[in-house]
Amino acid sequence: MCQIPNWFPFKEENIRLFIMNILKVLDCKRMGEILLVGFRKNETYKKLENFISSLPKGEDVKLILQKRIGAKREGKGDGMNTAIDYFIKETNFKYLHFYDSDISTFNAGWIERAQRKIDEGYEVVRCYYPRVYTDAMVTWNITKCGFAYIWPDTILSKIEQPLGGEIAIKRIVARKLTKDKMVRNSSDWSIDTAYTTSFCKHKFSLYEIYIPEGKFHRFYGKLSQLKTMVLECFQILKENQFVRIDTKRIKYGEDPLGKIPKIYKEKTAFDIKGTISEFRKGWNKEEKELLDLFPKRVKEGVLKCQKKIDFEFMDPENWYYAFEVFLKYFNENEEKWKNFLFHLWVARVLNHTLKFASEGYNQAMRSLTGMIKYFKGRALLEHEIKR
Ligand SMILES: Nc1nc2c(ncn2[C@@H]2O[C@H](COP(=O)(O)OP(=O)(O)OP(=O)(O)O)[C@@H](O)[C@H]2O)c(=O)[nH]1
Ligand SMILES: [Mg+2]
């Protein structure tokens, strides 16, 4: 049986947690090699150097720095693409697994389960997890909405966690990634969208495995911590909205959604109060000028909400109308556009969060999947009309 290589991108990590994850991989029966791809020679990097030098001889753990490959902000994308280059140029492995380095619930079982599907013949395997109902708000409101709007007749918006960093791919897939311009350019948070889109564009077979223990991460604090991610994940969709993708003949399988652990039904992923107070303060005059580009119902809702906080207006339907305008006019180089997209996204997240705080987890998830269905249905109708 072939060995499994595991690649981890990292920036600034909780070193104890990261090392624990590395040790778990080292224990894995089919462990091939571990590659750690760092952002800079920072504290995490130096601690990893010490850790590696303390390992018994023969343990294959390598540490490298990411190269400057893409055209966007230097970030996770350069890390992932550097790792792919290393895989193709420096190794002969038949497949590759990527895992985020900061997951406290990670264990070797994830690798074995993903590999089983690769061994069955799937070219791409992705992990998906139970998540708190207020979590994954970039995934739901940016990426999945965008996929449903732009490519409504494909499997893209069906993919459970298109921004997830836990994937296994075959060598032919990695090779394709090194040749895809969109992927190479995506040096920032756009990388996960770029990979997901590229897999479908090139018609690779896909399986999604369900990881019941979930993926715990730090509490976000205010949503402004996610601003860069929101903007970068939107921009990649805007840039590629005219790319043609046809997934009709792709082989696609998925584990059924398992039982959701109770803790995911009770927790909140971010600081609601802090986010509302930030939302209240953060508007500028220039953003108001943009309002004229938006349908009346969005414009009126924003103006009303600025006077008296009320997020009722930013329901899935109005988000669809706003999304359409952003896809047409959003300019990543203008502060007013960046603020405005971020503000309306926050309004969407707060609409969802406040509405379902009392109605419960199942209702909240139903509303999110309903939103994607709405985007898809409406986009299909509009594509039909345009034809
Ligand atoms: N090499 C490299 N790795 C990065 C960079 N930015 C983030 N990472 C790693 O990419 C993985 C995902 O980043 P996170 O910051 O955890 O992002 P996330 O998982 O979407 O966010 P959380 O849900 O808060 O964990 C982690 O392993 C990071 O260490 C970067 O610029 N370079
Ligand atoms: Mg993370």
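**Exercise 1.** At what angle do helix α3 and helix α6 pack, and how far apart are their axes?

*Solution.* The model is predicted: local features need pLDDT of at least 70, side-chain atom pairs count only at pLDDT 80 or more, and totals for chains, interfaces and linings use all residues. Residues are numbered from 1 along each chain as its sequence is written, and chains are lettered from A and ligands numbered from 1 in the order in which they are written.

Step 1. Locate the helices (DSSP runs of H or I, at least four residues, numbered from the N terminus): α3 spans residues 76-90 and α6 spans residues 171-179.

Step 2. The angle between them is about 120 degrees, and their axes lie 10 Å apart. Axes here are lines fitted to C-alpha atoms over the stretch in contact, with angles from 0 to 180 degrees between N-to-C directions.

Step 3. α3 is therefore oblique to α6, since angles under 35 degrees count as roughly parallel, over 145 as roughly antiparallel, 65 to 115 as roughly perpendicular and the rest as oblique.

**Exercise 2.** Determine which residues of α3 and α6 meet.

*Solution.* Step 1. From α3 come I84, D85, F87 and I88; from α6 come A174, R175, L177 and T178. Contact requires C-beta atoms, placed from the backbone, within 7 Å.

Step 2. By class, this contact has five nonpolar, one polar and two charged residues. Ala, Val, Leu, Ile, Met, Phe, Trp, Tyr, Cys and Pro count as nonpolar, Asp, Glu, Lys and Arg as charged, and the others, Gly among them, as polar.

**Exercise 3.** State the extent of the protein chain.

*Solution.* Along the principal axes, its C-alpha atoms fill a box of roughly 65 × 45 × 40 Å.

Terms used:
Helices (H or I, at least four residues) and strands (E, at least two) are DSSP runs, numbered from the N terminus. Two residues are in contact if their C-beta atoms, placed from the backbone, lie within 7 Å.
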